[in-house]
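This briefing sets out selected structural features of the model shown below.

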Amino acid sequence: MNATKTGGAGDHDSIHLLEWIISGVGLLLVAASLGYLLYKATIVDPKPAVFAAKLLKTRATTSGESGVSGAYVATIELANRGGRTAAKVHVVVELAAEDGTTSRDVEIDYLPPRSTREVSVLFSQRPTESNLKIKFTSYCDP
């Protein structure tokens with residue numbers, strides 16, 4: 001009774017070699033990721049926050065929607081096109097009208113780099129791109 005085993009020592013060695021190759025690739029990926037993060041954290045100086053804003057749309061409110069009848073909702077897109085995060089971004093939205101200027105203050109808690117947020121502001125007169133002025137007045141580095 002001489003039984004022969006199939007899959008001799010050669011199969012064992014190839015599996016062992018395959019494990020080393022996979023481990024080496026994993027180590028290379030981890031080392032490259034850590035190197036990239038270290039490079040970004042120490043060498044690259046990101047550009048400061050750069051803000052932009054535009055009026056997306058204007059619509060009249062429906063009855064009972066905002067508790068104010070005859071109001072207009074201006075939806076505005078606020079963007080941070082810079083390389084650093086901005087916190088507590090304070091924005092003043094001014095509507096110029098014949099009877100004077102109406103202003104609204106908006107604060108965005110957190111605006112990451114290369115991101116946008118939409119805000120809605122209520123006015124009693126219809127805002128347009130020509131009579132609406134959007135100013136970024138302050139922000140903090142988180």
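The side chains of Glu94 and Lys135 meet in a salt bridge, with N and O 3.3 Å apart; the term requires a side-chain nitrogen of Lys or Arg within 4 Å of a carboxyl oxygen of Asp or Glu. This pair links distant parts of the chain, since Glu94 belongs to strand β3 (residues 86–97) and Lys135 to strand β6 (residues 132–140), 41 residues apart. The model is predicted: local features need pLDDT of at least 70, side-chain atom pairs count only at pLDDT 80 or more, and totals for chains, interfaces and linings use all residues. Residues are numbered from 1 along each chain as its sequence is written, and side-chain values use heavy atoms, with hydrogens and water left out.

**Salt bridges**

- The structure holds two salt bridges.
- Lys135 is partly exposed, at a relative accessible area of 32%; buried means under 20%, exposed over 50%, and partly exposed in between, with a 1.4 Å probe and protein chains only.
- Glu77 forms a salt bridge with Lys54, and the closest N and O atoms are 3.9 Å apart.
- The pair joins distant parts of the chain, with Glu77 in strand β2 and Lys54 in strand β1, 23 residues apart.
- Glu77 is buried, with a relative accessible area of 18%, whereas Lys54 counts as partly exposed at 46%.

**The three-stranded sheet**

- Three strands form an open sheet in the order β1-β2-β5, with antiparallel pairing.
- Strands are DSSP runs of E with at least two residues, helices are runs of H or I with at least four, and both are numbered from the N terminus.
- Two strands pair if DSSP finds at least two bridges between them.
- The edge strands are β1 (51–60) and β5 (115–123), each of which pairs on one side only.
- Neighbouring strands of this sheet are turned by 20° against each other on average, direction ignored; the axes are lines fitted to C-alpha atoms, for helices over the stretch in contact, and angles run from 0 to 180 degrees between N-to-C directions.
- Nine bridges join β1 to β2 (residues 72–80), and these two strands run antiparallel.
- Ala52 has Ala79 in β2 as its bridge partner.

**Surroundings of Thr75**

- Thr75 is found in strand β2 and counts as buried at 8% relative accessibility.
- Leaving aside neighbours within four places in sequence, Thr75 is in contact (heavy atoms within 4.5 Å) with Lys54, Leu55, Leu56, Lys57, Glu118, Val119 and Ser120.

**Nonpolar surface patch**

- Val30, Leu34, Tyr36, Leu37, Tyr39 and Ile43 form a nonpolar patch on the surface, with about 650 Å² of accessible area together.
- Patches are made of residues with over 30% relative accessible area and no salt bridge; like charges are joined within 9 Å, and nonpolar side chains (Val, Leu, Ile, Met, Phe, Trp, Tyr) within 5 Å.
- Accessible areas come from the Shrake-Rupley method with a 1.4 Å probe; for residues, only the protein chains shown count as cover.
- Leu37 lies in helix α1 (residues 9–42) and is exposed, with a relative accessible area of 53%.

**Positive phi values**

- Most residues other than glycine have a negative phi.
- Lys88, a residue other than glycine, has a positive phi near 50° and lies in strand β3.
- Arg114 is not a glycine either, yet its phi is positive at about 55°.
- Arg114 is found in the loop between β4 (100–111) and β5, and counts as exposed at 63% relative accessibility.
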